[in-house]
Amino acid sequence: LTYALKVTDVEDDKFGNMASGIKAMGRAARLWPNDLITLALSGAEAAVCYDGQFFFDTDHPCEDGTTQTNLHAGTSLTAANYITRRAAMMTRKGFDGKPLNVRASHIVVPPELEITAKRIVEADLAGYLQNAASTAVDSNVLRGTTKVMVIPELSALSTTSWYLADLSKPIKPFVMQFRVRPEAPTVLNRPNDQGVFEEGLIKVGTRARGAAGYGLWQLIDKCNA
């Protein structure tokens, strides 16, 4: 990520607070891994993972001939569906048939489902699970069972799909592998810098190298309404 500014425009203060732009570039560099992970998440229904199946699929094979699913249709975000999917994840097995002790740590949603998710796992009273006008006074036993993670980029994929993930394990559902971690922005603005002297340009840039990939499908479920 690199851009160039004319020295004369900077001298004439046509760019206002240049420092803010440099800070914004640094922030974009830090968020770049998130962009790659979100991209991997968006393509996971058509990307093959380690067992030869699509990462999100309905028939991941086990050694004993049975299959398991981490893709669910007709499963809108409700307290009942959350309870069912969370319980099912706890019984998930590895390829060898042994329990993996999966326990969902996060419910991952687009902004449109944030309040619904928080009513399910953050409300004090059960009456607020779905209906803010409810008068039920029973304690919400689901409170604190998972944390809500909101990813704005998910809105472009679906405003009704949600994910249940166990991010507590050393191995994650998705993997970010770096060749070069995002670097702090470099500013070439000294009079004897080549671009300034020869081209009349101040150059600002940062670099990183890496890729996102797929880890254990057993640690995340996708639910489509």
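## Burial and overall form

In this predicted model, buried residues account for 37% of the 225 residues in the protein. The solvent-accessible surface of the protein comes to about 12600 Å², of which carbon and sulfur atoms supply 54%.

The secondary structure consists of five helices and 12 strands. The protein is more spread out than a compact globule, because its radius of gyration is 23 Å, well over the 17 Å that the globule rule gives for 225 residues. Along the principal axes, the C-alpha atoms fill a box of roughly 70 × 50 × 25 Å.

## Contacts and charge

Contacts between residues at least 6 apart in sequence were also classified by separation: 69% of them join residues at least 24 apart.

The charged side chains comprise 24 positive and 24 negative groups. The centres of these two sets lie 5 Å apart.

## The five-stranded sheet

Five strands form an open sheet in the order E4-E12-E7-E5-E6, and the pairing within this sheet is mixed. Strand E4 (71-72) and strand E6 (147-150) each have a single partner strand and stand at the edges, so one side of each is left without a neighbour in the sheet.

Which strand pairs with E4, and in what sense? The partner is strand E12 (residues 220-223), and the two pair in the parallel sense over two bridges. Within this part of the sheet, histidine 72 stands opposite cysteine 223 in E12.

Notes. Residues are numbered from 1 along each chain as its sequence is written. This is a predicted model: local features need pLDDT of at least 70, side-chain atom pairs count only at pLDDT 80 or more; totals for chains, interfaces and linings use all residues. Side-chain values use heavy atoms; hydrogens and water are left out. Helices (H or I, at least four residues) and strands (E, at least two) are DSSP runs, numbered from the N terminus. The radius of gyration is taken over C-alpha atoms; the globule rule is 2.2 Å times the number of residues to the power 0.38. Buried means under 20% relative accessible area, exposed over 50%, partly exposed in between (1.4 Å probe, protein chains only). Contact means heavy atoms within 4.5 Å. Accessible areas come from the Shrake-Rupley method with a 1.4 Å probe; for residues, only the protein chains shown count as cover. Lys and Arg count as positive and Asp and Glu as negative; His and the chain ends are not counted. The place of a charge is taken as NZ of Lys, CZ of Arg, CG of Asp or CD of Glu. Two strands pair if DSSP finds at least two bridges between them.
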